[in-house]
Amino acid sequence: MNKLDAADNMTDTSIELLEQPATAAGENNPQSPGFSPAENEPAPAPILTYPGDPYPLGPFWDGKGVNFALYSHNASGVDLCLFNDAKDHKETHRIKLTERTHDKWHCYVPDLKPGQIYGYRVYGPYDPGNGHRFNPNKVLLDPYSKAICNVGQWDDTLFGYTVGQEDTVMDERDNAHIAPKSVVIDHHFDWGDDRAPKVAYYNMVIYEMHVKGFTKTFPGIPDEIRGTYAALAHPAVIDYLKMLGITAVELMPVHQSISERHLVEKGLSNYWGYNTIGFFAPGLRFFSGTDIGGQVREFKNMVKELHRAGIEVILDVVYNHTAEGNQMGPTIAYRGIDNSEYYRLADDKRFYFDYTGTGNTLNARLPNVLMLIMDSLRYWVTEMHVDGFRFDLAAALARELHDVNRLGAFFSIIYQDPVISQVKLIAEPWDVGEGGYQIGQFPPGWAEWNGKYRDCMRDYWRGADSMLAEFAERFTGSSDLYKNDNRNPTASINFITAHDGFTLEDLVSYNDKHNEANLEDNKDGHQDNKSWNCGAEGPTEDAGITTLRNRQKRNFLATLLLSQGVPMILSGDELGHTQRGNNNAYCQDNDISWIDWEKADRHLIQFTSDLIRLRRSHPAFSRKHWFKERPVKAVGLTDIAWFQPGGAEMTEEHWQTGYAKSLGIFVYGDGLHAVDPLSKPITDDSWYIIFNGHYEPLDFKLPAKKYGTAWKKVWDTSYPLGDQKTDYLPGEMVRAEGRSIVLLQSPLKSIKPTARRPRKKP
């Protein structure tokens, strides 16, 4: 009688230890060597178990024991493996799960406690041609792991097939000693009076950052916590974010990820972390402690401290693929649990559809995958208290058969979820598949990284022709992308730079990428960066070039923070951080990526902080609603007006003039079309913004008296070169240096309502 038959004779309340391997079902599956105690070593005592519950999936400690539940539709058997140590060559207990409810395999083990290390062995056919890759020789992670340990090592035994042969040949070696493993946690945490800041989109200033890169050399924090969640929660770091004026940190991936084998063998790592293996587990690499599962507690404390400072936490999440790669990748979790129930397989089911450029794509059309994603999102909101998500390659999640469908199951289920639908949802609105560029196509309720904004502003400030019309569209919130769907300007997440590409310093210092340190012969990374080095490639001692670069950085930051929409700043841009021309530093866990705080440009930090303070103090730059461009009330002024340098309003001909690179923009402070929470009209001063993208100075004539009786220069990005005069009258000339921005302010009271003629009596 084999062990599968023997399991049928076990009682519901006492499942004995399996001393010999179970046989995996399927014609193509050979007998597994499995696990058995050493010949002279006594077998561990049988362990008491109960049937348990099929929900919630994953491990759940109730104070008396742990419930385990795992989904697998095609498996013929599942073993729960308990370990004393993550590197043990064999499990201390191997428990056959005999309870199966709606494809959920489950049991309850009394007396287990938080800190218990475990994994699964899953039985079924090893038949890649039909999409099945079961291999019980491999210890697998629980997809619902709340904490993970023993990550970062590579060995041929992590692969379900025999490395060096075709992937159709199953590897029969055991990998218990090296496999990543799951950890049972205590979910209790003292949140105190923690409350989500709930900053409105129009008041947001997002700061994209890498936990380690931002804090590794940050001054004033203990060495032992540098690069960790604890560092980001340190008062010195939080004080800096508050000084800068940030309302939300957007953290590059913190889900548990692994570095690809080819990177590790080159002495590199997947520093960015877009290679997720655990969608519920905070990454171990950002943990300052050593206790098993302690990363969960440290992450929660980080969120609590940021919330205390009024700062939201948004996670960059990667639900489009996993770290298991293509058919030649490792078997760590999903592939071995039920390959065809997690991934999008090609017509030849041995292979994977790859809409992500990583080798596989999670199949968000399947109910169990949708459930995994939704459960993960909900967990990070309810248990970890995060405030929103930025979805990497979000178009891949919206694909039905092949096409991207904005009304697909992924969006529908989010709309129906009372938790997820209420947090901030931000899409990277593209993937690498055909038809994957979906900017402006996500449904209401979503904001999007606006790649068209980035490209337009880069082109404008490097002097490209025919940019004024698109510049105006992007500056006012990209109504061409979002207005027709009844979305607001805040649907546009505006950015000049992000983790993927040049930093701001490099954008104005390099024409070409310099990715040699990635050891890919400089073939990786974007070829077209829309950058301009201002006259020299890389570092220079030319004072004129340095001055121009500094001005260009101020121009980009000012444009970003004066535009309608939600601004996102890449951390380090405000202090001149350089990656030395590397525009794809995904594998550089070193001083290429880490912010060098000793070289921080304090003047640029202050300029950025002042800009953010200005934006947050003046609602004219963070409108709730679109410009209407029609007269407001009795004043006869439009909420926005566009002027040529000579003072005349822009004409259609001028918008289409290819060489035109300069304009003045009037923003009317009483034309915001919005009310505050008490229904009082929101008003502001009026503003005149001069953009001179030309390389030579230009004189701009201020508009007529009806637009404002007095103007005060607030700042000039050419400072200290610009005109030092600060007070102006209507019709006066304002000098704007080449490639510069001048901002002028006029008190709202200086605009007088147009006098009405008395009506004649009949």
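In this predicted model, helix 6 is followed by glycine 310, which has a positive phi, near 80°. Helix 6 itself covers residues 294-308. From its first C-alpha to its last, the 15-residue helix reaches 21 Å, close to the 21 Å expected at 1.5 Å a residue.

Helix 6 is mostly covered, with 11 of its 15 residues buried. The buried positions of helix 6 are Gly294, Gln295, Val296, Glu298, Phe299, Lys300, Met302, Val303, Lys304, Leu306 and His307.

Strand 15 pairs with strand 14 (residues 255-257) in the antiparallel sense, over three bridges. Histidine 255 has proline 282 of strand 15 as its bridge partner.

The second largest pocket has a volume of about 590 Å³. Its lining comprises 24 residues, of which Glu505, Gly576, His577, Thr578 and Lys599 are the closest to the pocket centre. Two elements, helix 13 (504-507) and helix 14 (543-562), each give two or more residues to this lining. Helix 14 gives the most, with four residues. By class, the lining of the second largest pocket holds nine charged, nine polar and six nonpolar residues.

Definitions and conventions: Residues are numbered from 1 along each chain as its sequence is written. This is a predicted model: local features need pLDDT of at least 70, side-chain atom pairs count only at pLDDT 80 or more; totals for chains, interfaces and linings use all residues. Side-chain values use heavy atoms; hydrogens and water are left out. Two strands pair if DSSP finds at least two bridges between them. The expected span of a helix is 1.5 Å times one less than its number of residues. Buried means under 20% relative accessible area, exposed over 50%, partly exposed in between (1.4 Å probe, protein chains only). On a 1 Å grid over the protein atoms alone, a cavity is a set of points where a 1.4 Å probe fits but cannot get out, and a pocket is an open set with protein on both sides within 12 Å along at least five of seven lines; lining residues have an atom within 4 Å of a point. Grid points are joined across faces, edges and corners, and a volume is the space filled by probe spheres set on the points. Ala, Val, Leu, Ile, Met, Phe, Trp, Tyr, Cys and Pro count as nonpolar, Asp, Glu, Lys and Arg as charged, and the others, Gly among them, as polar.
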